[in-house]
Amino acid sequence: MAGLFWVANAAFPTTAAPVKMTTGTSIKTLLQVATPATTSILVTEWGISFDGSAAATPIEVELVDTLAIGAGTLTSVTPCIFSSPNNEASLCVGGTSATGFNSGSSTEGSIVGTRYGDLQLIAPTNQYVKQYPLGREFFVPASHFLRIRVTAGTAVNAYTYINWVE
């Protein structure tokens, strides 16, 4: 049975809430999932929310699949099992250049072989959730990198997440 996995742009909570991440004002990868050479994934859902207090210029938000690492140094995060706890762990392992979130201010590197899974302009006071219809999930091939990237006119904080099946 295929496992359903979930990852967010924050460490999993313990005694405190997850830390929100700033968007900054230049392009920035907030979350990346790296597929191994042996496994592709199907994105079933993704979402993002912002904590802006005033309506302003919308934030450019991209769900992008790419062939090359370009997110700078990440904070490693281990995907959690979203479905039955009896499933095996995700093969999309955490690492500073694998599956992780960008908690620092590193710049976006060059990327190649890209394609969009979604592209939105979202108000800094709003949120967005995309659920793909069954049979029409966004496919990310093996040895690729799936990213949620943002470009904001004014920095606000964000939470973002991705659900997938592998």
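This is a predicted model: local features need pLDDT of at least 70, side-chain atom pairs count only at pLDDT 80 or more; totals for chains, interfaces and linings use all residues.
I started with arginine 115 and aspartate 65, whose side chains meet in a salt bridge, 2.9 Å from N to O. Arginine 115 lies in strand β9 (residues 115-122) and aspartate 65 in strand β5, so this pair ties together parts 50 residues apart in sequence. I checked burial too: aspartate 65 is buried at 0% relative accessibility, while arginine 115 is partly exposed at 34%.

Another of them joins glutamate 62 and arginine 149, at 3.0 Å from N to O. I placed glutamate 62 in strand β5 and arginine 149 in strand β12 (residues 145-151), 87 residues apart. Both glutamate 62 and arginine 149 are buried.

Then I looked up aspartate 51 and lysine 20, a salt bridge with its closest N and O atoms 3.1 Å apart. Here I landed in loops: aspartate 51 is between β4 (41-50) and β5 (59-66), lysine 20 between β1 and β2 (21-22), and 31 residues separate the two. Aspartate 51 is partly exposed at 33% relative accessible area, and lysine 20 is partly exposed at 41%.

On to the rings. I found 4 aromatic pairs listed for the structure. One of them is tryptophan 6 with tyrosine 161, stacked, 6.3 Å centre to centre and 25° between the planes. Tryptophan 6 sits in strand β1 (residues 4-8) and tyrosine 161 in strand β13 (residues 157-165), so the pair ties together parts 155 residues apart in sequence. Tryptophan 6 is partly exposed at 23%, but tyrosine 161 is buried at 17%.

Methods: Residues are numbered from 1 along each chain as its sequence is written. Side-chain values use heavy atoms; hydrogens and water are left out. Rings of Phe, Tyr and Trp (its six-membered ring) pair if their centres lie within 6.5 Å; planes under 30 degrees apart count as stacked, over 60 as edge-to-face and the rest as tilted. Helices (H or I, at least four residues) and strands (E, at least two) are DSSP runs, numbered from the N terminus. Buried means under 20% relative accessible area, exposed over 50%, partly exposed in between (1.4 Å probe, protein chains only). A salt bridge is a side-chain nitrogen of Lys or Arg within 4 Å of a carboxyl oxygen of Asp or Glu.
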